[in-house]
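User: I would like to go through this model and ask what stands behind some of the terms used for it.

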Amino acid sequence: MMRMAFLSLHSSPVGKAGSKDTGGMSTYLRGLSGALGEMGHEVDLFTRVTGPDEAEVKTLSPGVRLVSVDDGAGPLSKNELYPHLPAMVDAIKKFCRTENISFDLIFSNYWLSGCVGRELSKGWQVPHLVMFHTLGRAKNEACREESEPGLRLAEEEKLACSSDQIIVAAPLEKERIINYYSLRKDNVKVIPCGVDRQLFHPLSRPAAKEETGLTGNKVILAIGRIEPVKGYELLIRAAVLLPAEDKVKVVIVGGDVKSEIQVAHLKELAADLGISNRIIFSGLVEHQKLPLYYNAADVTVIPSYYESFGLVALESLACGTPLVAGSTGIFPELLKPYTKKTAELLTKKKSPGILLENRISSAWAEAIRICYIHHSTPLDSSVINDILATYNWRTAALSFIRLIQELHTK
Ligand code: UDP
């Protein structure tokens, strides 16, 4: 049995996914820690206190505790956090002294937690593992509208070169990190994400459409935080090109008050293109309610410039809804480009969707249309099971443990 400290300081693992600073990383931490807990390990997920009456320690699932440490600085956005990291280090050390606990490893998530983990690991003399979730440099390179600060880029480079192990969720991300920082291959380990198939599974599509008020429409779904790197303009530009008789509705789920500017920009684009009536912004939807949306959809579209994994893809496929996605994150592992051969598989409903290697709106419109025409019913369970066989949290937890054991014997 191992005791592990997971750091998720800028965003709570139980925060509202789909809001500005909370998304796949929280789903990832709950999934991985839950599976480790089930295997008999103990995980403390450290995050920052966000409200006045928050309990310091909360049990989330067997073996897994959420520890909310107070650095005394009150509510802060992630951009304001850096100067308070030393206080966070002190708060975590104090908690561990009071509880008289020590850990076998530190697993830091996102660069801000990485800076804290680096300091803690010096004193505790335990391996420090880092997962960036996204890289500032990759975001800036992929999307002109993103401008991640130089401080982040510099700290990510330092962490990449000094941590005991970097974890990524997709082979493309491994390649990227090795190239960026000239790392050795064995410094970077791919541990793919899982998906909760008890929550995400096929339901009746007509019933799901009725419940979401979308009966009679071809439903194109996009889910995630609303920020420039998600590339939603491309989806809107593709939606213009779809024939009126298809009665398309594009449903964009996610975003909170902090996303208002970005949402307004997308609404303006839709209005300029004359398709405001085709686009629905649902705002943030509780994670537990998302299966209804995936099941109401005829196709899920992920037009992101950059993803380090893209959990939405697994959630969609687990619900039997095909995907159209770009060549980033885990998508090239799940999908193939549209060719004669894959077209045949699509018509037989043996393919989970289409990979796009360009950002040409007409190509995206065509792929989206092919998917919703050929998938008027959900994907076969055999297709879903084949593709999702390796993506489960238990497999991720086993790889994680194997990695720790290797690090301890090094
Ligand atoms: N999500 C959610 N409600 C929303 C929007 C998103 O629960 O309104 C969840 C979604 O189910 C997924 C995560 O947020 O688990 C998004 O993860 P992904 O890896 O696709 O994107 P990221 O947020 O990491 O960029």
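Predicted model: local features only at pLDDT ≥ 70, side-chain atom pairs only at ≥ 80, totals over all residues.

User: What makes strand 2 (residues 42-48) and strand 4 a pair?

Analyst: Pairing needs at least two bridges between the strands. Strand 2 and strand 4 have 6 bridges and run in the parallel sense, so they count as a pair. Val 43 is bridged to Val 64 of strand 4.

User: How do you know that strand 3 (residues 57-61) pairs with strand 4, and in which sense?

Analyst: The cut-off is again at least two bridges, and 4 bridges join strand 3 to strand 4, in the antiparallel sense. Val 57 has Val 67 as its bridge partner in strand 4. Strand 3 and strand 4 form a hairpin with 2 residues between them, and Gly 63 in the turn has a positive phi of about 80 degrees.

User: Why are helix 1 and helix 16 called roughly perpendicular?

Analyst: Angles of 65 to 115 degrees count as roughly perpendicular. Helix 1 (residues 24-38) and helix 16 (residues 393-409) pack at about 75 degrees, with their axes 8 Å apart, and are therefore roughly perpendicular to each other. Residues making the contact include Gly 31 and Leu 32 of helix 1 and Trp 393 and Phe 400 of helix 16.

User: Which residues touch the most other members of the largest nonpolar core?

Analyst: Ile 220, Ala 313, Val 324 and Ile 368 do, in a core of 122 residues. This core draws at least three residues from each of domain 1 and domain 2.

Note on methods
Residues numbered from 1 in each chain as written. Core = buried A, V, L, I, M, F, W, Y, C linked by C-beta atoms within 7 Å. Buried ≥ 20, exposed ≤ 12 C-beta atoms within 10 Å, placed from the backbone. Domains from an automatic or database assignment. Axes fitted to C-alpha atoms, helices over the stretch in contact; angles between N-to-C directions. Parallel < 35°, antiparallel > 145°, perpendicular 65-115°, else oblique. Contact = placed C-beta atoms within 7 Å.
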